[in-house]
Each structure stands twice: as C-alpha cells, then as structure tokens.
Amino acid sequence: MKYYKIITPIAIVAAIVALYVTPGSGKVESGYVVGDLARDFKLKDVTGKQVSLSDYKNAKGFIVIFTCNSCPISQMYEDRIITLNEKYESKGYPVIAINPNDPLQQPSDSFDKMKERSKEKEFNFPYLFDETQVIATAYGASRTPHVFLLNKETDGNRVKYIGAIDNNLKDGKMADKKYVEEAVEAVMRGDDVSTTITKAIGCTIKWKRS
C-alpha cells in the first residue's frame, strides 16, 4: 500500500516562505528608526505621474509600503494593503506603495509589469517605482512588504512604526496582531504606539548590481 503525504495550506505557505524569504546581509546597513523624520520623494506612479508626499496637503500622515509584483508574500498582502487604504485614506493616512526592485534582477517587477499588476488588482493607492533605489536605501527598507508609518508634524514626517503589516502571512482575518492598524489608530488618538517595530517578513529587495 502506498502512502501519500498530505500537503496542508500551512505547509504550502511555509514552503513559499522558505523559497523566497532568504537570509542575507542585503544592501541596507542603515535607515530610519522610529522617531526620525523621513525625507520626501518624487517618484513616478503607474500612470506616469510624479508623486510626492508634499502633494497630499490634507494628509495627516502616510502608510508607506515597499512592495512589489513578484514576491509571493507581497501578493498575499495586496488585498490587505487595499483594505488599509480604504480604511485610512479618508482619515488622513493614505497608503503610498513603492516598488524598490531592480527589474534587471527581477523582470516581473518592471514598470510595465507594475502597470499590469495595478490594473489587475485594481489598486486604490499610488504605486510608485523607486527606479534608482535611493528612497528604499534612505528609509532602510530591506524586504517586500516593509511598512513605514509616518505622522505629519510641524517639523516633517516623523516615523512612528516600522515593520510588518500583521502577524499572519496566510490570512489577515486570522491575525491577532494587526500592527499597522494598531499603530495608525494610536497615532490618530494622540497616544504612543505600543509596538513601534517588528520584523518585516517577505522577499529580500533585489538591489542593483554594482
């Protein structure tokens, strides 16, 4: 009698993580810490428009998420990123998504592929291309997805939270820690963020080869 191993959804997720979430020093050795003021930028979105944080005159802050097309972990979070923007854009905290990957290293993260993915998933937020990788380097992004919650203050956009979206890769509804939502809610109340940094779980950013 032959016995067949049953592959559970959890095992599949674990296999994906093992394939794509690889250890390594990466390029980023520094970046922002909580409490820093984050720089503005001007990056092209999928419509060809140049987008800056300063364009959002009425924003109270920003949910900046470094993400991409190709990473399976990023794909798992796309619907949750859409939901974050649906929930918080009207409250003054829009999502700004940035693809930092070098398309020479990962062709499926090219600008044309970004446009296709945005249309396919009906992204309700700007999806920007960090072609030079200057912004990902400045922020200290290392993986996709990697979140930086900014709060607009008199002296600039202050970093209030850095890390993961929640603590459940497979299903956001099953997450018992929704880090970004909890951080935004705290900031909106004027309270301290209880969890200011978590480990970003995802694919390593594909840096340009020197």
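Tutor: A nonpolar core here is a set of buried Ala, Val, Leu, Ile, Met, Phe, Trp, Tyr and Cys residues joined through side-chain atoms within 4.5 Å. The model is predicted. Its largest nonpolar core has 34 residues. Ile 63, Leu 149 and Val 180 have the most contacts inside it. Several elements each supply at least two residues of this core: strands β4 (61-66), β5 (95-99), β6 (127-129) and β8 (146-153), and helices α2 (72-88), α3 (111-121) and α5 (179-189). Another core lies apart from it, with 23 residues, among them Ile 96, Ala 141, Leu 150 and Ile 162.

Take Ile 63. Leaving out residues up to four places away in sequence, Ile 63 touches Tyr 88, Tyr 93, Pro 94, Val 95, Ile 96, Val 147, Phe 148, Leu 149, Val 180 and Val 184.

Now His 146. It sits in strand β8. His 146 counts as buried because its relative accessibility is 7%, and the cut-off is under 20%. Among its contacts beyond four places in sequence are Val 64, Ile 65, Phe 66, Ala 141 and Ile 162. Its side chain reaches the backbone nitrogen of Ser 142 at 3.2 Å.

Last, the largest pocket. Its volume is about 190 Å³. Val 180 is one of its lining residues, as are Arg 80, Thr 83, Leu 84 and Glu 181. Helices α2 and α5 each supply at least two lining residues; α2 gives the most, with three. By class, the lining has three nonpolar, two polar and five charged residues.

How values were computed. Residues are numbered from 1 along each chain as its sequence is written. This is a predicted model: local features need pLDDT of at least 70, side-chain atom pairs count only at pLDDT 80 or more; totals for chains, interfaces and linings use all residues. Side-chain values use heavy atoms; hydrogens and water are left out. Buried means under 20% relative accessible area, exposed over 50%, partly exposed in between (1.4 Å probe, protein chains only). Helices (H or I, at least four residues) and strands (E, at least two) are DSSP runs, numbered from the N terminus. Contact means heavy atoms within 4.5 Å. A polar contact is a pair of N or O atoms within 3.5 Å; within protein, one must be able to donate a hydrogen and the other to accept it, and residues adjacent in sequence count only if both atoms are side-chain atoms. On a 1 Å grid over the protein atoms alone, a cavity is a set of points where a 1.4 Å probe fits but cannot get out, and a pocket is an open set with protein on both sides within 12 Å along at least five of seven lines; lining residues have an atom within 4 Å of a point. Grid points are joined across faces, edges and corners, and a volume is the space filled by probe spheres set on the points. Ala, Val, Leu, Ile, Met, Phe, Trp, Tyr, Cys and Pro count as nonpolar, Asp, Glu, Lys and Arg as charged, and the others, Gly among them, as polar.
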